[in-house]
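Morning, everyone. Let me put a new model on the screen and walk you through it.

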Amino acid sequence: MAGSIPASPSAELGVKPQVVSPSAEAWRRFKRHRMAVISLAVLGLMVLAVVFGPLLWKLAINDIDFTATLKGPSMAHPMGTDDLGQDLLARMLYGGRISLAVGLAAMLMAILVGVTIGAVAGMSKGWVDTALMWLTDLFLSLPQLPLLLLLIYLFRDTLKSAFGPEVGVFIMIVLVIGGFRWMPVARLVRAQFFSLREKEFVEAARALGASTGRQVVRHILPNALGPVIVAGTIDVAAAIIAESTLSFLGLGFPPDIPTWGRLLFDAKDYLDIAPHWALFPGLAIFLAVLTINFVGDGLRDALDPRRVM
Amino acid sequence: MGPYLLRRLLIAIPSLLGISVVLFTVLALAPGDPFSELALNPNVPAEVRAALRAKFGLDDPIWQRYFRWLFAMLQGDWGFSFISRVDVDTLILQRVPTTLAVIGASQLLALCIALPAGIYSAVRPYSWFDRIASTLAFVGFSLPTFFTGLLLILLFSIKLGWLPFVYRADLTSTGLTWWSEQIKQTIMPVMVLGLFQAASWTRYVRSSMLDVVRLDFVTTARSKGLSEWWVVMKHVVRNALIPVVTLVALTMPQVFGGAIVTEQIFRVPGIGSLLIDAILRNDTPVIMAVTFVFSCLVIFFNLVADLLYGWLDPRISFR
């Protein structure tokens, strides 16, 4: 059974009878998913735009101009202006950096916690496993958004005074969103560990005297990573939505940090006279989430060795 | 069914206790003090403040405070809203029916879309219907509720002027006009929530149906000469719905999250907008109580899912 899995990295342990490396095989499978490839390109463009855009588009995000308030898209302001005449393209590019960074950081946090808890539960049978899974189930049945709001309400001021407004809110939002998204990863990792640790190659490693840590890091974890990568990709999208939701409810980043959700929050009272103000950030969130989900879908096809393609 | 129900109920109790511990710990760890306004008020002498703290037991060890709070909650004493000057439980009881009505209607809408769409997609996989439905489901699943809400307002309220964008609890008209106004103002919140749910459910139903369709007993049913309709409805759908029920129960917290956002956009006077108002105005007793109510609702729906599970899959209930 194990020998029939072509994408398994365990093939690297011995001699190399295979012509195709696992990553090339995964890329070949990924390319079959047309929407995923298109999405990857669009997502790459968005990332490039928010990373390098502010270097090219020189208008300041807080340049107030009362002669050009609530203007629609024009040559001077390709995405129009808001109620203070601030250029929306500059704000979108700057806010996109934060929205995407929050998504990535929260995903890393969720993966880190999830893999740790899942690995510990998967390696230790008995009460440790039971307790950790009870904790996971408890977290799964918590109402996430109300608790997110509660935590932010309670701890915002402390973190703000400790790290400054931008970094403090960033750290808190990442911790809180990441802290509520690790459960699916933990379950996935635990399930993978249960089946993998009984496999022959792990038994061989154990017989050769590999410590538990080495078995986990070198042999089991690399084989369990496929579903984790897929879950992580989807988590980025979920974290972006979570951050935008918080900002949209007026409880995320402060007004001087224009994340996409915050822009929507500011724009929603001007829907009738300046719809462009809400449409551009909304479309940006939608596009980011959609492309990330498609890439996740493509990765699922690419990394699932059972699927014949 | 009886013992199964009882066991499920008994499992729900530790979860509720766990949630209450989490909630209380969060609140106890938080900086700030419910009496901070009193502390800043120079007209309140220090002795009075100390007496008040002693009266409300704020200086007791944390576990004593937890049990006191828990027993008070159990006896229905949920505290007093700082802002509205009413008991928290009356405030919440006023609001819960609206939230449940909006959520219920949207779940119904989601079911009416997701079940037929998912089943038909799976019966004819990779047909043009399946492709369109899958793409739409993917798009709907990636559209955040707050953006769909704004788009609907932009289209139906501002451009077309068909529907009101503010939900009013105090409609003055009576009879048929009341009903038509009530339905008009409910359409958009229900659509926002329902379409989002429908998108993710369609995906679940489709993939779960595809898993079941290729099993041996379906081939057997076909070779017995049963009609296609009967095979799909009786043999495939019922079995395919079992994992769907679990997934739906697991996404219940998300539904409530979506409800909070929707209520906030359309100013629906439910517990979600109550929560946001309370947070913006530092009304701690209301925040605690609403969060707890949301937890109870999530656990309640998990329980309902377990019961449905037992009904759909008789193999489970007899274990």
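Predicted model: local features only at pLDDT ≥ 70, side-chain atom pairs only at ≥ 80, totals over all residues.

Residues are numbered from 1 along each chain as its sequence is written, and chains are lettered from A and ligands numbered from 1 in the order in which they are written.

Confidence next. The predictor gives the complex an ipTM of 0.79 and a pTM of 0.82. Chain B has a mean pLDDT of 80, pLDDT being the predictor's confidence in each residue, from 0 to 100. In chain B, 89% of residues reach 70 or more.

Now chain A. It has eleven helices and zero strands. Both are DSSP runs numbered from the N terminus: helices are H or I, at least four residues, and strands are E, at least two. Of the 309 residues in chain A, 44% are buried. Buried means 20 or more other C-beta atoms within 10 Å of the residue's own; exposed means 12 or fewer, partly exposed is in between, and C-beta atoms are placed from the backbone.

Look at helix α4 of chain A, residues 127–140. It has 14 residues and reaches 20 Å from first C-alpha to last, close to the 20 Å expected at 1.5 Å a residue. That expected span is 1.5 Å times one less than the number of residues.

Which residues of α4(A) are buried? A:Thr136, A:Phe139 and A:Leu140. Down the axis of α4(A), the buried residues fall within an arc of 105°, so they line one face of the helix. The arc is that of the directions from the helix axis to the C-beta atoms. The face turned away from the buried side carries the exposed A:Trp127, A:Thr130 and A:Ala131.

What do the buried residues of α4(A) pack against? They pack against α3 and α7 of chain A, together with α10 of chain B.

On to the contact between the chains. It takes 37 residues from chain B and 34 residues from chain A. Two residues are in contact if their C-beta atoms, placed from the backbone, lie within 7 Å. On the chain B side, α13(B) gives the most, with eight residues.

Last, helix α9 of chain B, residues 216–223. Of its eight residues, the number buried is zero, so α9(B) lies largely in the open. Just after α9(B), B:Gly225 takes a positive phi of about 95°.
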